[in-house]
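This report is intended for a reader meeting the structure for the first time. Please consult the sequence and the model shown below while reading.

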Amino acid sequence: MSQGFDFSIAIGGAAGQGIATPGNILARMFVRRGLHLNAYNAYQSIIRGGHILLTMRVREQEALSHGDHIHLLLCLNQDTMTRHLRHLGPGAYAVYNADNITPGEHRDGVHLCGMPVTELTGDAKNKLAQNTAALGVIAHVLGLDFEVLESALTLQFQRKGEAVVSSNVAVARAGYEYSSANFTPLANPLPENPDPLAVWTGNDALAMGGAAAGVKFYCAYPMSPSTGVLHWMAKNARELGIMVRQVEDEIGVANMAVGAAHTGARTMCATSGGGFALMTEAIGSAAMMEIPVVFINVMRAGPSTGVPTKTEQGDLWQALGASQGDFERIVVAPQDAHDAFGTIAEVFNLVDRYQCPAIVLSDLLISEGTFSVPPDDIDMSPVIERGKLIRESNGDAGPYNRYVDTADGVSPRAVPGVPGHVHVVATDEHDEEGILISDEFTNPIKRRQMVEKRARKLDDYLTRVAAPKVEGDEDPEVTLVGWGSTAGVIAEAMEQLRADGVKVNRLAVKWILPFHAEAVTEALSGARKTLIIENNHSGQFHRYLRSETGITADGHIRKYDGEPFMPHHIADGVRAHLAGNVADGVFVPDQEILV
Amino acid sequence: MTIELREKPLTAKDFKGKVDPDWCPGCGDFALLRATQMSVAELGLSPHEIVCVSGIGCSSNFPGYFNSYGMHTLHGRALAVATGVKMANQTLTVLVTGGDGDGYGIGGNHFTHTARRNVDLTYLVMNNQIYGLTTGQVSPSSSVGMKTKSTPFGNIERPVNPITSAIMNGATYVGRGFSGNIKQLVRLIKGAIEHPGFAVIDVFSPCVTFNRDNTYDFFRQRIVPLEDEGHDPSDWRSACERAMEWDDRIYTGLFYQDQAVQSLHALEPILDGGAPPVSHVPEAITQEQRDRIVRRMM
C-alpha cells in the first residue's frame, strides 16, 4: 500500500455506556503493534446521557489529526446509528447490537454488522456485553488473531480478578466467532510495526513536561478541559516528590503558585479560560514581583461558561492582555501533545532566566486528545537552567538589593531563608531595594528605571526561541498560516491539496509573545496568497499578526462551532479561496458529524 | 544588613524595616508592629528565617516596616500566597498581616479554606472596622448603624464575627488582641508562632482618622481579658459564647486552641519523615522514575 494503513474507528453512545473501556483496549492494541494513533473524543458536559463519539484514527505513518472519515462505526445506541450511519462510505463497517438497534438508510457497500448480543452472550441483563462482543467483531474485521484481543482484555481487566477476565474473554470470543462466520474482514488487515509505541493525552504530556522540568509544586482548581493535568500530577506526585494542591478557586491557585515559586520551587498551574480570568491579577503580580511561574490555559469554547467540552482558539487576546498594566510575559501555543511536552521544559528555563510569568495556550483538542508517542521520544531529562537564583547561603552578607538594575535587567533572585539577602517583594512599584515608590513618595525617575529594567529582561528573548519557518512546496500558490493546535491538521490538508496538484506551504506559529515579527514578515513576504486558519470567529491571530507585522491576509478559514478542523475542511476552504468562491474572505466549513 | 552574624541576641529593634511606617499618628497598627518585633526577638528568630506576607491596605504595608523576608501581594490574597510559601518551604516561619477588609472581605474565601486546612501560619488581622486607605467606607466588620462615606445613612449589614468564623472554619489557635495592650499582644503572637497550625489573631487596631465609633476609649471601656476570667481555651463552645458578646463586655486573649489537629504540611505525604522542602530538592527526576512512567503508557 502506497498510502499505508489509515483507518478510523468511531465508538458512539451515551455518557455512561462505557465508551472509554473499549477505546482504551483498542488504543493499547494499536500502539503495541507500533501503529500511530490520533483520537478525538467529542463529548458533552454530562455524566449520564447525551451523545459521545470517540474517533480513533490508527495509521502506519504519524497521524496528525483525527482524519476525515469513519471506516468503522461502533454504535452503542440507536442515536449513534441514526446520527452517523449516513457518513459511512462504501467498504465501511457499522457494528451494532441487533437486539435493540436498527440501521437506517445507508450507502451501498456499507457492511452492516449486527450482533445478536443476547444470543451470543446468553445474558440479556449485562449492558456492557455488547461493548465486549463488539471488540470481538472489530478484532476479526481488522484481521487480528483472537489472542491479540485476549491479551489486551486480560491486561485491561486483570485488576478486577480472574472471573471478570474470563467472562469478558468469553463474550469477546463469541463476537469474534460470530463475525468470522458472518462478516467480511478488511482486505488489508491491521499491519504491525516492529517498535511498540506509548500512548498519552495532551494533558498527560503537559504534566509530564512539568515533571521533567522539575516542577515541585502544582496547584489547580478542576476545570475542563485542563483537569487531566491535575489528575496526572495527583497520581504521580508521591513517586516524584511533587506537591499537589487542589485550591478553593483559581484566584487562590494563582496566588498560591506565586508564593510557592517565590521560595524557589518550580511551580505550574493549569486551568481553562474562566479560571484563567480569575488568575490574571496574580499573573501581573508575578511580573511585578519578578517571580517565575508557568500558567497553562487549556482553551475551550467561550465566552463565559461557553461550551465546556468543546474546543476553540478563543483566548489569544485574553492571554496577551491578561492582567492590568503594561508588562512582559511569555505566551506560547504548542502544536500538539509531543510539542506541549517539550515546550514546558523550555518555558521553565525561560521564566527562570527572565523571572517573569509565562502563559501556555493549549486547547481541548491537544489536551484531551489521545495520541501515540514513540517511547524513546519521551526524554524526561531536559536541561534545567534556573538562571540567577540564590537558594543557599553564599557567604555574601550584603548589601543585597533584590531589584538591582543590571545590564540585562535580570537581578539575582534570593529566596526566603537565605541569610544576608533579606528583602521585601511587592506588587506595588518599588525601587532596587524593594522599597515602595507607590504611596508615600512616588518617583517618576525610579518608576521609569524599574519599568525599563523589567522590559529589558526580554531583549534577547527572540534569540532563544525558534522562529517559525515556512514548510512545503517551492513557489506555492497559497501559504497557510496557523497557530497552536492547527499545525497538524493543516499539514494533512496540504497533503490533500498536493494530491490535487495545488502547490502549498505552511507557516505554523508557536511562540506568540514576544513575537518573531521580523522572521514572520520575511517568511510571508513572497507569499502569493496568504490564508489564515484559526479555530475562532473573529480572527484573533490575524489581528495579532497585523498588529505585529502590518501583514493583512488574503483570506481566512475559520471554525467556531466547537468541533476541531478536519483536514478536508481546510482543503475545501483553500480550494474555495483559490477558485474565488469566498464572498467575504472568510470560509467557514460545515461540521458534518453532529455530536 | 549583617545582623544574622551577630552573636548577641536580637532585640525588637533588629526587626525594624528599612523605612518608617506611613500610618497616621496614633494608628493602632504601630502597636501590633512593635508587638510583633518584640515577639520574634523574644522567640530568638532571625530575620532571614521569617517571611511576612501581606495583601493591600494600610496595615498591609506592614512587611516594609518589618525586617524579614517579605511579600507585599495582592488585595485579599495574602493567605493564598502564604500557603504557597509555607507548603513549598515548611522550614520558614510565615507571618501574614493585613486588615479586616483584606482578610474578611475580599479575601474571605481564602480565610475559610486556610483555616480548614490548618496551614501553619500566624495571621495577624489589624481590624479597624473601616476601609481606611480608600478614605472611609464600611468594612465587613463594621457595626450595624455605622455611618461611613458608603453608608451615609448607617450600615444595614451585620458584621462578620472573626473569632467564631475562625473557630467554625477550623483554625486551631484563635485570639483577639487590642492595640492598647502590647503585653497581651506579645503573649498572643508568641503563642501563635509557636502553635503548629493556623493561628488567627484579630487585633482591634483603631483607625483614628476614619472610625469615630470604635476608638481606643470605646474598647478600653468594654475590654475584659480572658486571662482574668478563667476561660479554658480548649472549650470551643465557651470560646464562641464569649466571642458573641459585644455591647458591654468585649473579651480579648486566647479564645481557642487545639493542638491535636495536625497542620497541612505535617499531613502532606511527600514531606513525611522530615523530608527537605520542595523549594530546595533537586529538580531532575531519575531515569528509573521516567522508565516507570513510560512503561505505564505502553
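## Basis of the description

This is a predicted model, in which local features need pLDDT of at least 70 and side-chain atom pairs count only at pLDDT 80 or more, while totals for chains, interfaces and linings use all residues. Residues are numbered from 1 along each chain as its sequence is written, chains are lettered from A and ligands numbered from 1 in the order in which they are written, and side-chain values use heavy atoms, with hydrogens and water left out.

Nine strands form an open sheet with mixed pairing, in the order E17(A)-E2(B)-E1(B)-E3(B)-E4(B)-E6(B)-E5(B)-E8(B)-E7(B). Helices (H or I, at least four residues) and strands (E, at least two) are DSSP runs numbered from the N terminus, and two strands pair if DSSP finds at least two bridges between them. E17 (424-426) of chain A and E7 (223-225) of chain B are the edge strands; each has a single partner strand, so one side of each lacks a neighbour in the sheet. On average, neighbouring strands are turned by 20° against each other, direction ignored; axes are lines fitted to C-alpha atoms, for helices over the stretch in contact, and angles run from 0 to 180 degrees between N-to-C directions.

## The contact between chains A and B

The contact takes 77 residues from chain A and 58 residues from chain B. The size of an interface is often given as the accessible area lost when the parts come together. Here the buried area (accessible area, 1.4 Å probe, that two parts lose on being put together, summed over both) is about 5400 Å², of which carbon and sulfur atoms give 61%.

Seven salt bridges are counted between the two chains, a salt bridge being a side-chain nitrogen of Lys or Arg within 4 Å of a carboxyl oxygen of Asp or Glu. One of them links Arg386(A) with Glu283(B), whose closest N and O atoms are 2.5 Å apart. On the side of chain B that touches chain A, the elements giving two or more residues are E2, H2, H4 (108-117) and H10 (287-296) of chain B.

## A second sheet in chain A

Chain A has an open sheet of seven strands with mixed pairing, in the order E9-E8-E10-E11-E13-E12-E21. Its edges are E9 (243-246) and E21 (511-513) of chain A, each with a single partner strand, so one side of each is without a neighbour in the sheet. E12 (residues 330-332) of chain A pairs with E21(A) in the antiparallel sense over two bridges, and Val331(A) has Leu513(A) as its bridge partner.

## Local backbone features

The peptide bond from Leu513(A) to Pro514(A) is cis, with omega near -10°, and Pro514(A) is found in the loop between E21 and H16 (517-524) of chain A. A cis peptide bond also joins Ser224(A) and Pro225(A).

Methods
Contact means heavy atoms within 4.5 Å.
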